[in-house]
Amino acid sequence: MKIKSAEFVMSNSDVAKCPKSRLPEYAFIGRSNVGKSSLINMLTSRKSLAKTSGRPGKTQLINHFLINKNWHLVDLPGYGYARVSKSAKKVFQKFITQYFALREQLVTAFVLVDIRHKPQPVDLEFMQWLGENGIPFSIIFTKADKLKPKAIENYVEDYKNVLLETWEDMPNYFITSSSKDIGKDDVLNYIESLNEN
Ligand code: GDP
């Protein structure tokens, strides 16, 4: 898929106020600092559509972007930021839970995982929660430029083994690097294939 246009639509903290349109929607979520903003900028070929976070955990908003005038890319807040208070975590959970419960337009979520880190409980728990709630998701491994091809292969194999302890199948996954422009077409073509269905 070629990105012809990418426009910011709105940011808000209330799921009920998200765009009413029925356009298919794809949500990007992951731990703070995983490289989500960089990935969104790579996918849309825009330098600063999503603001790369100076202070992780600060932006707790749902951000809608309209792509090619026919689908929404949604930048969800990063989770698992240690310096956020317990009450802030609760608000975050409620807000994310509501987003996934109420957004019927959501086609799939992309859970971002930093390829340098071992499977983290917070990511595994989040994927588990998505699975239990019947929300389709794929994994996007970020920062692949940090590892050599063989190490990437081993890493993905280890990740698979951990997931297969609780899952029957490995979810769809993508290997990406925003600094080296890797994986962009794979993710965009996947979205295009889902949009066509
Ligand atoms: P966010 O908090 O998840 O939105 O993450 P950002 O996109 O702001 O990135 C967090 C940090 O990771 C920044 O210092 C980025 O420069 C760095 N980063 C993001 N993507 C990549 C990547 O593909 N490769 C490398 N090496 N660093 C990256």
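Guide: Let us begin with the terms: helices, of at least four residues, and strands, of at least two, are DSSP runs numbered from the N terminus. Read along the sequence, the protein then follows the pattern β-β-α-β-β-α-β-α-β-α-β-α, with five helices and seven strands. Please keep in mind that this is a predicted model.

Visitor: What makes the protein as compact as a globular protein of that length?

Guide: The radius of gyration is 16 Å, and the globule rule gives 16 Å for 197 residues, so the protein is as compact as a globular protein of that length. Along the principal axes, its C-alpha atoms fill a box of roughly 45 × 40 × 35 Å.

Visitor: How do you know which strands stand at the edges of the sheet?

Guide: The sheet is an open one of seven strands with mixed pairing, in the order β1-β3-β4-β2-β5-β6-β7. Strands β1 (6-12) and β7 (173-175) each have a single partner strand, so one side of each is left without a neighbour in the sheet, and they stand at the edges. From one strand to the next, the twist averages 25 degrees.

Visitor: What makes β1 and β3 a pair?

Guide: Two strands pair if DSSP finds at least two bridges between them, and six bridges join β1 to strand β3 (residues 62-67), the two running antiparallel. Within this pair, Phe8 has Phe65 of β3 as its bridge partner. Helix α1 packs on the sheet, touching β1, β2, β3, β4, β5 and β6 (137-142), and its direction makes about 145 degrees with that of β2. Helix α3 (residues 121-132) also packs on the sheet, where it touches β5 and β6, and its direction makes about 165 degrees with that of β5.

Visitor: Why is strand β2 called largely enclosed?

Guide: A residue is buried if 20 or more other C-beta atoms lie within 10 Å of its own, and six of the six residues of β2 (residues 25-30) are buried, so the strand is largely enclosed by the rest of the structure. Both faces are covered, with Glu25, Ala27 and Ile29 buried on one side and Tyr26, Phe28 and Gly30 buried on the other. In the sheet, β2 is joined to strand β4 (residues 71-75) by four bridges in a parallel arrangement, and Glu25 has His72 as its bridge partner there. With β5 the pairing is likewise parallel, over six bridges, and Ile29 stands opposite Val111.

Visitor: What makes helix α1 largely enclosed?

Guide: Seven of the nine residues of α1 (residues 36-44) are buried, so this helix is largely enclosed by the rest of the structure. The buried residues are Lys36, Ser37, Leu39, Ile40, Met42, Leu43 and Thr44. Just after α1, Ser45 takes a positive phi of about 55 degrees.

Visitor: Which residues touch the most other members of the largest nonpolar core?

Guide: Among its 36 residues, those are Ala27, Phe28, Leu76, Phe110, Val111 and Leu112. Strand β5 (residues 106-114) contributes the largest share of this core, five residues.

Visitor: How do you know what Leu76 is in contact with?

Guide: Two residues are in contact if their C-beta atoms lie within 7 Å. Leaving aside neighbours within four places in sequence, Leu76 is in contact with Ala27, Phe28, Ile29, Ile62, Ile96 and Tyr99.

Methods. Residues are numbered from 1 along each chain as its sequence is written. This is a predicted model: local features need pLDDT of at least 70, side-chain atom pairs count only at pLDDT 80 or more; totals for chains, interfaces and linings use all residues. A nonpolar core is a set of buried Ala, Val, Leu, Ile, Met, Phe, Trp, Tyr and Cys residues joined through C-beta atoms within 7 Å. A residue is buried if 20 or more other C-beta atoms lie within 10 Å of its own, exposed if 12 or fewer, and partly exposed in between; C-beta atoms are placed from the backbone. Axes are lines fitted to C-alpha atoms, for helices over the stretch in contact, and angles run from 0 to 180 degrees between N-to-C directions. The radius of gyration is taken over C-alpha atoms; the globule rule is 2.2 Å times the number of residues to the power 0.38.
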